[in-house]
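Colleague: Please show me the model, and let us then go through it step by step.

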Amino acid sequence: MFDGANGQASGGTRRVDGQAHGPSSRAPNGVLDLKTYSSPYKPTWCPGCGDFGILSAIKAALVELEIWPHEVLIVSGIGCGSKLPQYLYANGFMTIHGRPLAVATGAKLANPQLHVMVVNGDGDSYGIGGNHFLHTCRRNPDITHIVENNQIYALTKGQYSPTSDVGFRTTTSPEGVFEMPVNPVAVALAAGAGFVARSFAGEPKHLKQMIMAAMQHPGYALVDVLQPCVAFNKVNTYNWYAERIYDVANDDSYDPTSLRDAWERGTEWGERIPIGILYRREGVPPYENYVPALKDGPPVERDLSARLDPELLERLKRAYV
Amino acid sequence: MANGGLKDDFSLSITVGGDAGQGVESSGALFTQALARGGWHVFGVPDYRSRIRGGHNFFQIRAARRPSLSHSDPVHLLLAYTRETIDVHKPNLAQGAAIIYDDGFRVDAAALEAEGFVPIPAPLTKIAEEHGSKLMINTGAVAAACGVLGFPLEPLVRLLHDTYGHKGKKIVEGNASVARAAYAWAVERYPGRLAYRLAEPGEVGEKTQPSQPGRELMVLTGNEAFCLGAVVGGCTFVSAYPMTPATPILEWFAARERELSVVAKHAEDEIAAVCMAIGAGFVGARAMVPTSGGGFSLMAEALGMAGMCEVPVVIVNVQRGGPSTGLPTRTEQGDLLFVLHASQGEFPRIVLAPGTHEQYFEAGWRAFNLAEKYQCPVIVLSDQFLAAARKSLPLDALTLDGVSIDRGALLSATELDRLDGPYRRYAMTETGVSPRALPGHPKAVFTVTTDEHGEDGHITEEIDLRVAMMDKRMRKLEAALADMRGPDLYGPEDADVTLICWGSTVGPAREALPLLAGQGVTANVLHFTDIWPFPVHKAEMALQGVRRAIAVEQNHTAQFARLLRMMTGFQVNGSVRKYDGRPFSPQQIAARALVEVGARV
């Protein structure tokens with residue numbers, strides 16, 4: 001694919017040239033449809049895994065929003081669901097366990113032109129990555145965060161997760177979980193998130209709508225997705241969720257811009273589980289809008305040769321005389 | 001001609017000491033800068049504790065006619081902001097040293113005199129209250145010190161205007177008045193009578209310019225020199241979690257974020273900081289993370305991610321005393337072998353250990369070039385001593401000579417436009433460096449993963465591919481060896497003893513050479529700055545003529561000597577090690593090296 005001259009594999013050096021290395025806004029030839037997002041690699045998920053529904057919904061949302069694969073960066077962590085970037089055709093970065101929000105934040109700040117999405121599991125998001133979750137909520141970068149919440153550690157074959165319900169028996173909780181589960185909706189609201197939604201992997205249309213709304217929200221947007229694990233979670237099954245969920249959009253009195261309403265419904269869990277857009281704050285610009293260095297455009301598009309201007313160094317040195 | 005009688009190697013040491021919260025470091029910085037404006041070469045070392053108030057702090061300044069490479073003992077003038085300061089520093093004072101203190105302190109001046117010192121009780125509180133406010137007492141103290149040293153007042157007053165100008169006329173004028181009054185008091189009382197002065201006996205005030213007029217000196221810390229280097233090196237992204245002694249790097253960029261257009265992100269923890277930098281580096285920013293050993297420990301897993309995913313990122317570890325919280329505000333070189341091996345598995349990394357302000361500046365831009373050229377993490381390993389030392393440098397000491405911005409095998413948008421066939425991020429190449437696209441181009445849509453992967457970045461566990469990918473990544477280290485510099489030799493080529501050091505110990509080690517020569521021992525210094533990939537051949541060449549090698553390191557186990565033996569088989573004959581958190585002085589190195597070589601003098 002690369003000849004020696006083009007590929008620079010022989011270690012040839014170049015001074016910076018002012019050439020644009022940033023993303024291109026040109027759309028590729030052809031039509032944008034679901035096939036555009038097809039990857040040659042088949043998912044290794046178990047048949048019936050909720051992650052299939054999430055993968056389909058993400059593709060459908062991207063197509064419907066007319067976002068091309070080169071314009072999106074999907075960052076994931078480690079776990080079954082974090083393998084998702086491998087199964088669609090888009091830019092992807094599978095990072096380390098618990099850290100995708102931090103990696104995504106760096107990528108977004110360095111290139112705000114990219115649509116940055118984080119896809120990871122409940123352990124990755126709310127357990128090992130809990131600190132980043134908390135701070136990304138309050139920081140509010142324009143990142144869409146989709147959590148595949150199956151209430152179990154599946155890739156490591158069935159240990160309880162931060163969202164497992166009390167009493168849930170697993171290999172690491174043989175007598176049942178004694179810890180209160182994390183309620184991602186309540187935590188996100190308390191931490192200052194501006195968009196909080198919940199959906200269900202068994203409701204692909206609803207899920208697609210939630211992802212689209214999250215992507216259209218300027219700022220951090222959480223979509224916590226109830227995702228059945230058919231292999232290791234025999235309690236929270238498709239039926240278990242289906243029997244409990246209800247969409248707050250069907251309730252005319254529900255005001256998703258009211259933090260009070262959001263808190264009331266967001267803390268509901270058990271017999272009835274609300275899904276839909278639980279909270280949406282309007283009129284607050286994303287974090288990037290406040291970052292002084294971004295006023296000059298994406299850092300990745302800086303003309304670095306300007307740094308070699310002797311006047312710049314002279315000015316900086318003068319401050320120390 | 002003024003100062004014609006002062007020898008070229010003339011050097012004088014001053015200590016400002018007091019409690020934390022009394023402004024010891026700011027006094028030291030003010031004094032240091034004033035001396036440099038007066039034409040003196042300075043080297044200032046802060047010594048402070050990890051607390052906001054209380055506890056003894058001090059700032060040691062060396063003023064010299066020639067550029068200094070380190071501070072120097074003993075001290076000739078002590079500026080004591082507390083009574084305790086006198087007791088703490090007496091053992092390090094030269095015979096005949098002057099001690100300036102507030103005349104309100106209960107100090108037995110006669111006893112100090114009997115010990116051979118010159119006590120100078122000064123009405124500092126009174127002068128400050130009369131001419132400005134009590135808060136300006138430190139200004140008066142520094143001015144009084146200038147007076148007894150025979151150093152002109154004018155550079156200090158000018159500096160006060162520059163420093164306090166933004167605080168309004170009242171504060172500037174108050175400080176200047178206090179300085180004038182204290183200076184006049186000192187000149188009147190101590191007109192050139194002291195043994196140690198920055199002037200010839202009898203000379204006072206304006207006549208004492210030590211070096212060529214018009215020769216401007218800047219005074220900056222090592223961290224500041226590094227920041228300048230990072231700017232010219234094209235750094236566009238800094239993320240960090242505050243940790244002494246690396247914090248000033250983030251603060252420096254945060255203060256200039258708008259001016260320089262560099263993202264300066266204070267992250268929620270060090271793991272987030274390094275992950276943000278890796279995310280930024282992945283999409284094409286020149287990203288760095290300043291931290292110290294504890295933060296670096298937290299970053300270990302992410303370091304491996306940068307290695308595995310071949311993401312350029314620069315991590316600065318400003319070492320402090322360990323283990324664990326250790327000596328948070330003090331210096332050590334205890335992280336060398338740790339940074340070389342941190343994170344699981346094997347992957348290429350590059351480690352630079354600058355030893356001087358000039359080298360720290362250079363590391364600022366070199367690190368980014370190496371990171372992009374070899375698509376791997378680069379670690380800059382400095383320490384609190386180098387980071388915080390305020391050194392005078394002529395303006396032409398930090399220049400753009402040799403500076404380039406080399407982005408390595410980065411594919412431009414035009415090159416990507418011409419691409420036919422799918423882009424392979426990890427294409428196999430001879431050097432191991434794969435042509436790199438940034439996310440955002442329609443012809444180069446790709447995924448990367450911390451799992452082992454194939455050329456297209458997809459996960460694999462296939463044996464041949466795994467082996468080929470490991471080999472590809474590790475080949476980059478062989479390629480990078482070409483960019484690694486061998487050790488620098490200072491002093492005579494032919495010497496009985498060679499002091500082997502790395503990083504910041506080079507300054508005091510070089511200053512120890514004349515001291516050793518004075519004891520009849522011919523010695524030189526072999527200094528390593530480029531640590532990994534280890535420049536084996538260049539090291540072996542340099543070691544050929546070495547007769548007796550003494551490792552000089554600020555750690556307990558002579559880590560570099562162990563690395564040297566591992567990589568070359570060369571074994572040092574002895575070592576001078578220090579792990580009390582305080583930087584080596586040249587005198588300490590010389591004295592202990594003499595013991596190591598069993599000098600018969």
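Modeller: Two residues are in contact if their C-beta atoms, placed from the backbone, lie within 7 Å. This is a predicted model, in which local features need pLDDT of at least 70 and side-chain atom pairs count only at pLDDT 80 or more, while totals for chains, interfaces and linings use all residues. Residues are numbered from 1 along each chain as its sequence is written, with chains lettered from A and ligands numbered from 1 in the order in which they are written.

Colleague: What percentage of the 321 residues in chain A is buried?

Modeller: A residue is buried if 20 or more other C-beta atoms, placed from the backbone, lie within 10 Å of its own. By that rule, the buried share of the 321 residues in chain A is 51%.

Colleague: Are H4(B) and H7(B) parallel or oblique to each other?

Modeller: Helices are DSSP runs of H or I with at least four residues, numbered from the N terminus. Helix H4 (residues 124–131) of chain B packs on helix H7 (residues 169–189) of chain B at about 140°, with the axes 8 Å apart. Angles run from 0 to 180 degrees between N-to-C directions, and the axes are lines fitted to C-alpha atoms over the stretch in contact. Angles under 35 degrees count as roughly parallel, over 145 as roughly antiparallel, 65 to 115 as roughly perpendicular and the rest as oblique, so H4(B) and H7(B) are oblique.

Colleague: Which residues of H7(B) does H4(B) meet?

Modeller: H4(B) contributes B:Leu124, B:Ile127, B:Ala128 and B:His131. Their partners in H7(B) are B:Ser177, B:Val178, B:Ala181, B:Ala182 and B:Trp185.

Conventions: Buried ≥ 20, exposed ≤ 12 C-beta atoms within 10 Å, placed from the backbone. Helix = DSSP H or I, 4+ residues; strand = E, 2+ residues; numbered from the N terminus.
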